[in-house]
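This report describes the fold of one protein chain for a reader who meets it here for the first time. Please keep the sequence and the three-dimensional view at hand while reading.

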Amino acid sequence: MTADVWLPIPPDEIDGLPEGPAYRFWNGGEDFPADPADCAFYVVPYMKPSPLCVRPMGRMSNVRVVQTLSAGIDHVEPGLGHLPAGVRLCNARGVHEASTGELTLALILASLRGIPDFVRAQDRGEWLGGFRPALADKNVLIVGYGSIGEAIEDRLVPFEVARVARVARSERTTARGPVHPLTELPALLPEADVVILSTPLNETTRGLAGADFLSRMKDGALLVNVARGPVVDTKALLAELETGRITAALDVTDPEPPAREHPLWRAPGVLISPHVGGPTSAFLPRAKRLLVDQLNRYVNREPLRNVILTTGASTD
């Protein structure tokens, strides 16, 4: 069995890696650390462009596992067709929940309480008082109720929100209450003061927050996107922002990043953070724990965690 493991973190900085594999450090450099054909376990570089991440995949003829360090897998999907059958693709569930949950609450609070206005006023030496909306007593809708959606709700609870509604691809029941299917989203949108997008990017969710979705949001509602930029139709969002009817807080955009002259930068009522939901001090220790666990499972032939799909398997 081919034994090379490609890691985007230097292996000598990860305690607990199992003996046996030959560990190769590659974080997207021009030169590969070894022949990709000898790679059995490929850990995809984190926060790198899709073309770079998939570049070695066409030559990985013996790879058995592709492990991302992100919750989303859309950046590696273009390379999946080049892989042999039977390769397991795993995501990083458990790594980003804390950081993304924190940022989601930061964006909501900053937007509602007007923190960007205060910073600008401080630069002018101006004392900018007045009443602002609170998160307390608001109805919140989480669209995309996976592990990150759950982490967001964990952090919402202490803020005395009136209600949290949950939407996912399929209907189910959780300890906190029902999760509604996507088909019920149109009826839920008009009730929400804050709409949070935390979905994966796929054929179903691309452009999900389009003109119809946005028009159903209530006047004064806040849209928060911590999912992927293309989940929101940027043109439709700009049209709503220009009217002042809704506001938005975006950690991800489409395009990303927007060009300097893009109207999204200057749209009224929008707060943009530069895709920083995951890269915090919480990332590295959790990523290392995930890799140690997965690689020990791989070496010991135990079931892997977070398997999203297996190449060549039927989707029926």
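## A residue in strand β3

Residue V43 belongs to strand β3, which covers residues 39–43. The model is a predicted one. V43 is buried, and its relative accessible area is 0%. Leaving aside residues up to four places away in sequence, V43 is in contact with W6, L7, P8, Q67, L69 and L291. From V43 to L107 the distance is 64 residues in sequence and 30 Å in space, C-alpha to C-alpha.

## The six-stranded sheet

Strand β3 is part of an open sheet of six strands, ordered β2-β1-β3-β4-β5-β14, in which the pairing is mixed. At the edges stand β2 (22–25) and β14 (307–310); each has a single partner strand, so one side of each is left without a neighbour in the sheet. On average, and with direction ignored, neighbouring strands of this sheet are turned by 20° against each other.

Strand β1, made of residues 4–7, pairs with β3 in the parallel sense, over three bridges. Within this pairing, D4 is opposite C39 of β3. Helix α9 (residues 283–299) lies across β1, β2, β3, β4 (65–67) and β5 (88–90), and runs at about 160° to β3.

## The eight-stranded sheet

Another open sheet has eight strands in the order β8-β9-β7-β6-β10-β11-β12-β13, again with mixed pairing. The edge positions are held by β8 (172–174) and β13; each has a single partner strand, so one side of each is left without a neighbour in the sheet. From one strand to the next, the twist averages 20°.

Two of its pairings may be described in detail. Strands β6 (residues 139–143) and β7 (residues 163–168) pair in the parallel sense over five bridges, and L141 stands opposite A165 in β7. Strands β10 and β11 are also paired in the parallel sense, over four bridges; here N225 in β11 is the bridge partner of L197. In general, strands of a sheet pair through backbone hydrogen bonds, either parallel or antiparallel.

Helix α8 (residues 234–243) lies across β11 (222–225), β12 and β13. Its direction runs at about 135° to β12.

Helix α5 (residues 147–156) packs on the eight-stranded sheet. The helix touches β6, β7, β8 and β10 (194–197), and its direction makes about 165° with that of β6. Helix α5 is mostly covered, with seven of its ten residues buried. These buried residues are S147, I148, G149, A151, I152, E153 and L156. Among the elements that cover them are α3, β6, β7 and β10.

How is E153 placed, buried or exposed? E153 has a relative accessible area of 3%, which means that it is buried, the cut-off being under 20%. Apart from residues up to four places away in sequence, E153 touches I142, Y145, V164, R166 and R176.

## Helices α3 and α4

The axes of α3 and α4 come within 5 Å and cross at roughly 65°. On the side of α3 the contact is made by L109, A110 and R113, and on the side of α4 by I115, P116 and F118. By class, the residues of this contact are five nonpolar, no polar and one charged.

## The second largest pocket

The second largest pocket has a volume of about 480 Å³. Its lining has 25 residues, of which S111, T247, G269, V270 and L271 are the closest to the centre. The elements that give two or more residues to this lining are α3 (97–113), α4 (115–124), β12 (247–250) and β13 (270–272). The lining is made up of 15 nonpolar, six polar and four charged residues.

Note on methods
Residues are numbered from 1 along each chain as its sequence is written. This is a predicted model: local features need pLDDT of at least 70, side-chain atom pairs count only at pLDDT 80 or more; totals for chains, interfaces and linings use all residues. Side-chain values use heavy atoms; hydrogens and water are left out. On a 1 Å grid over the protein atoms alone, a cavity is a set of points where a 1.4 Å probe fits but cannot get out, and a pocket is an open set with protein on both sides within 12 Å along at least five of seven lines; lining residues have an atom within 4 Å of a point. Grid points are joined across faces, edges and corners, and a volume is the space filled by probe spheres set on the points. Ala, Val, Leu, Ile, Met, Phe, Trp, Tyr, Cys and Pro count as nonpolar, Asp, Glu, Lys and Arg as charged, and the others, Gly among them, as polar. Two strands pair if DSSP finds at least two bridges between them. Axes are lines fitted to C-alpha atoms, for helices over the stretch in contact, and angles run from 0 to 180 degrees between N-to-C directions. Contact means heavy atoms within 4.5 Å. Buried means under 20% relative accessible area, exposed over 50%, partly exposed in between (1.4 Å probe, protein chains only).
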